[in-house]
Amino acid sequence: MELDPDDIFRDEDDDPENEFYQEREASKEMVVYLVDASPKMFSATALQGKDISICSCIALAHCSENSGDFLYMDVQNMLEIYFEFDLTVDVFHFRQHIQENQEETHFHVAVSCIAQSLKTQIINRSYDEVAICFFNTREKKNLQDLNCVYVFNVAERDDLDRPTARLIKDFDCIEESFTKEIGSQCGILSGSRDNSLYNALWVAQALLRKGSAKTADKRILLFTNEDDPFGSIKGVVKIDMTRTTLQRAKDAQDLGISIELLPLSRPDEEFNISLFYSDLLGLEGDDASQFLPLAGERLEDMKDQLRKRMLKKRKVRRVTFSIANGISLELNTYALVRPTLPGTITWLDSVTNVPLQSERSFLCADTGALIQEPAKRVQSYKNEDIKFSVEELSEIKRVSTGHLRLLGFKPLSCLKDYHNLRPSTFLFPSDEEVVGSTCIFIALHRSMLRLNRYAVAFYGSATHPQLVALVAQDEIVTASGQVEPPGMHMIYLPYSDDIRHIEEARYIHTDENNETPRANDDQIRKATALMRRVDLKDFSVCQFSNPALQRHYAVLQALALDEDEMPEVKDETAPDEEGMARTGVVNALEEFKLSVYGENYDEAKEFETNGKVSEASRKRKAIAENAVKECTNYDWSDLADNGKLKDLTTVELKYYLTAHGLPVAGRKEALINRILAHLGK
């Protein structure tokens, strides 16, 4: 099968005739939240789970499959020139809040989603810019002085700017002051030529005029529960309003602004996108019919959105791959997996809160005078001091130019798992500067796959050169589309010092006959049964977040927003005590211990005999004794009857649980419920 570079090694949006092709990728995102404030948005509604999933799409509009504290990138999407960046919101706790308070309004849903999205954006991508705009309002506030459109903002901030702590704090209270300060009314009335939706799109487009579409992704997120905004209008007036509004949306899209609808279904009827918004969004056929179901499915996949930094799906750098005899090609490199670390520390002035810039000066040790000349480095050689400038030393240390140079090929069987020193880098050809790179890459890629070989190359920075292995990856396509794109993985090979060989154990437990004990068939069966009991189904490292990072972000949020209480952070890496306490697990564990140690085994006596009481055992014993002592200071039955358990701290609640041998994991509400269940309340 011949590989066609025009079909396989090109993204769907890489059209050579496209004026945006080969341009620099967008560096940040600009978003305008456009919220319908008509009276229908304030009607009480009992949202069901499906409605919540569909209507609460805010940053929500883009579901990331990333979770935990590692960023796993979809290579196919990563290679797209145009992409939609994922915004995040704490869907799980928001849905929980909705279910606890069934009487909610769609306006509250939209405002809550935006507020939570702004908080997560501070951590995710703090340099992105947002604007909040209400339409169908009584008051008006916008630069164009258009009716029924109100741009919400705070002092010392542009209408479209980076989110600030003051914006988030004031927006959290918007529902309390909205009726008095802004007000709600339907801006599209029979007999009136005012068109609030048209005005809102005009204002949003004007807000997004800032910056270039080539360096920023511009989006409008529209919240509404009205599927036919011109339903009350009849005749020629309705046709004219529909035509002008669709034309306004098309003008915005022609300028590189994407419009995304976040539909909120009413309890009595489902949002009908075909009445108006399918034309505005350009949806046809299956795209229109699958719009609402797909939005719901994406949100259902978001079990619990974490505070995490979102790194943009972009190329890391462009490298030159030198093959032989002056032949070279151009490659783009992409990072597939990378760890998430806390942000860098920024030193601020204690008075003005302005970031400080550090400067370094050299003083003469003899005179104390400021040295203006560049510093020199000295190396002693044969009783003589040889002086080097900083530039000369830098040139001496330059072992590699940063290019990728082919050394040869080896069978894939020579590449071992332990050679993968750190996350690999994905390589993909580019013809932006070196024309013909894709054709050469295809020939090399096809040969490596056919001969089952990988390439060995020399690569690295000036200070960290190293050997790498280039492993060709074939394209994988299913009925639903491309699963894996064609390309190469650059695996960083270790030096010999990086590989630690397995050492023979110094101490081997032996029995009385100086023989190493072996597990019998019964012990193996009991151990297998135990492992099956505690095996995690569909385990993924993405299911667990870094508690230290989550606490770090929670502290930053509490400080920035002057919150009285810091958000509680659940440590998902702690042992699942409730799960381990299940009857099936306990029975399997006891059977395993019985098969290994026998019926008359006394663990405490064994420790005393061998003198191997561990520090952890002593700590656990001390904690249990202290819990029993502290537990007697409370009248737990009285506290439970009067509903005062919630006034106790988590530490105090754990006194009771520890004293009675109950699990202590979980949130405060779970601890209280556990105590009530034990007391029979």
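A residue counts as buried when its relative accessible area is under 20%, and as exposed when that area is over 50%. The model used in these exercises is predicted.

**Exercise 1.** Find which residues of α8 are buried and how they lie around the axis.

Solution. Step 1: the buried residues of α8 are Met241, Thr245, Arg248, Ala249 and Ala252. Step 2: these residues cover an arc of only 95° around the axis, so they lie on the same side of α8. Step 3: an α-helix has 3.6 residues a turn, so residues three or four places apart point the same way. Step 4: Val236, Ile239, Arg243 and Asp254, on the other side of α8, are exposed.

**Exercise 2.** State what the buried side of α8 packs against, and what follows the helix.

Solution. Step 1: the buried residues of α8 pack against α7, β8 (257–263) and α9 (277–281). Step 2: after α8 comes Gly256, with a positive phi near 90°.

**Exercise 3.** Describe the largest nonpolar core and the contacts of Leu261.

Solution. Step 1: the largest nonpolar core holds 38 residues, and Leu261 is among those that touch the most other members. Step 2: helix α7 (residues 196–207) gives this core its largest share, 6 residues. Step 3: beyond its neighbours within four places in sequence, Leu261 contacts residues including Leu222, Phe271 and Tyr277.

Notes: Residues numbered from 1 in each chain as written. Predicted model: local features only at pLDDT ≥ 70, side-chain atom pairs only at ≥ 80, totals over all residues. Heavy atoms only, no water. Core = buried A, V, L, I, M, F, W, Y, C linked by side-chain atoms within 4.5 Å. Buried < 20%, exposed > 50% of the residue type's maximum accessible area, 1.4 Å probe, protein only. Helix = DSSP H or I, 4+ residues; strand = E, 2+ residues; numbered from the N terminus. Contact = heavy atoms within 4.5 Å. Arc of directions from axis to C-beta.
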